[in-house]
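Biologist: I'm new to this one and would like to learn how to read it. Could you take me through it feature by feature?

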Amino acid sequence: MSVQNPLRLLDLAGMSLLRDEASTITALKDLPTELFPPVFMEAFYGRYSETLKAMVQAWPFVRLPLGGLMKVPHLGTLQAVLAGLDILLAQKDHPRRCKLRVLDLRNTSQDFWRMWSGYRVHGCSSSLMAQVAEDRSRTKQPRAPLEVFIELHLKERTLDGFLTYLIRWVEQRKASVHLCCKKLRVLSFPMENIMKVLSMVQLDCIQEVQGNCPWHLSTLAVFAPLLGQMNKVQRLLLSHIHVSALERQEQQHVVQITSQFLRLHHLRDLHVESHSFLEGYLIALFLPRCLTTPLDNLAITHCLLSDSDLSHLSQCPNISQLKGLDLSGITLTYSSPELLPVLLEKVAATLQELYLEQCGIMDSHLETILQPLSHCSQLMFFSLRGNLISMAVMEKLLRHTSGLPSLSQELYPVPQESYSSQRILQPGRLAQCRAELFEVLRVLGHPRIIWISSSPCLHCGDNTFSHPH
């Protein structure tokens, strides 16, 4: 302990209590509510298992945000807390003081511990005040099953000890414990294990699903019934889906998948990334059947799309209110030139973000979308990185977008005149292009910041210039 950072009276009181666990446990019935979080923290960091077990049974808040204290999941602490919950669940009459209804194992709610431990006295966040209000309002409600919130990131072939212990504990207490998860991420995890874990989870709690798995269409068809039960899902990301030639000739899997997607009435963000999943006729079958409500954001990236795919996409009624559209990695140079303009006109009234990165777009393709682009009055973000555009057409682009009142971030490729014939970037030519583009901005007289990068990644490029006045 330093002179500059002396221990507070609150810290000393907590340390004094924990010198004798038996006395601490006895004193819990008279411990002021505001001392519970700091004493719990001392018991947590000191690994006082018996004190943790007893404090759970007397916890005076609706939520115990245990995950906010664990940078790394700790099995011993979990076992102590669950042992305390077992005693609590076994009691017919809920202790008068205990209001615990939610055990939160997610790495969130650090603000709760900071406020109650006194480390942040001022500037309490509105979300935390809402949480305190929730704690007070829910105490008068009838006793309900205990909710346990976790983050599910299934990325290994086998479950770790922490999650294995928790799943087994929940499995034995299905009637009194609900395992909830807001965000599910699956990465290279056996389908058998996925089915086992999700059989323990309240699927209608899940709001976001990220499936970064090398699945075949048949595997996705097995997963689809589980997805159909996640009827509160708002964001869905599917990538690395592989469709074999044989599967392309079978409609059964597509029917199984689309029939479950129809149950996702709250879906707002859809991201599909796969070289073969939507290629050809599948997009005509997939999107119109799977989207029952208008989307806010649609990303179809690094896919092989045909003209018929783009045509069906522009005709899909549930994309007319899009706020975000991402077609990055889709080669548009082989498409009919009128398809992309038609799509942009369809979403022009609401579009706020547009990504057309690494699409093989050249001057002739860009000129076809200048007019519909100028109609996107709500556009705030536009990225064209990774394409090959000349200075002349880039100047036209800047003029067409100068009238967009909300456009605040523009990411463009280095003009092709900045390269040698061997596609080597020439700093001198780049400096000249920057000067010419700056002059265009000055003449237009509209304040804006432009990023120009030779890399598709924003953080890999450092060429930027602005016309602030």
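Biologist: Let's begin with strands. Which residue in β5 is the bridge partner of leucine 184?

Modeller: Strands here are DSSP runs of E with at least two residues, helices are runs of H or I with at least four, and both are numbered from the N terminus. Two strands pair if DSSP finds at least two bridges between them. In this case, leucine 184 has valine 209 in β5 as its bridge partner. Strand β5 covers residues 208-212 and runs parallel to β4, with 4 bridges joining them.

Biologist: And what should I know about the model itself?

Modeller: This is a predicted model, where local features need pLDDT of at least 70 and side-chain atom pairs count only at pLDDT 80 or more, while totals for chains, interfaces and linings use all residues. Residues are numbered from 1 along each chain as its sequence is written, and side-chain values use heavy atoms, leaving out hydrogens and water.

Biologist: In what sense do β3 and β4 pair?

Modeller: Strand β3 (residues 146-154) pairs with β4 in the parallel sense, over 8 bridges. Look for glutamate 147, which stands opposite histidine 178 in β4.

Biologist: On to the nonpolar core. How many residues does the largest one have?

Modeller: The general idea is that in soluble globular proteins, nonpolar side chains tend to be buried together. A nonpolar core is a set of buried Ala, Val, Leu, Ile, Met, Phe, Trp, Tyr and Cys residues joined through side-chain atoms within 4.5 Å. "Buried" means under 20% relative accessible area, "exposed" over 50%, and "partly exposed" in between, with a 1.4 Å probe and protein chains only. Here, the largest core has 130 residues, and Leu166, Phe223 and Met230 have the most contacts inside it. Helix α10 (residues 217-229) gives the most to this core, with 7 residues.

Biologist: What is methionine 230 in contact with?

Modeller: Contact means heavy atoms within 4.5 Å. Leaving aside neighbours within four places in sequence, methionine 230 is in contact with residues including Leu184, Val209 and Phe223.

Biologist: Now charges. How many salt bridges are there?

Modeller: Side chains of opposite charge can pair when their charged atoms come close. The rule for a salt bridge is a side-chain nitrogen of Lys or Arg within 4 Å of a carboxyl oxygen of Asp or Glu. By that rule there are 11. One of them joins arginine 173 to aspartate 86, at 2.5 Å from N to O. This pair links distant parts of the chain, 87 residues apart: arginine 173 is in the loop between α8 (161-171) and β4 (177-186), and aspartate 86 is in helix α5 (residues 75-90).

Biologist: Are those two buried or partly exposed?

Modeller: Arginine 173 counts as buried, because its relative accessibility is 19%. Aspartate 86 counts as partly exposed, at 27%.

Biologist: Where do arginine 442 and glutamate 439 lie?

Modeller: Both are in helix α18 (residues 427-444), 3 residues apart, about one turn of the helix. Arginine 442 is partly exposed at 44%, and glutamate 439 is partly exposed at 37%.

Biologist: Last one: how many disulfides are there?

Modeller: A disulfide is a pair of cysteine sulfur atoms within 2.5 Å, and the count comes to 0. As for individual cysteines, cysteine 213 is buried with a relative accessible area of 1%, and cysteine 376 is buried at 0%.
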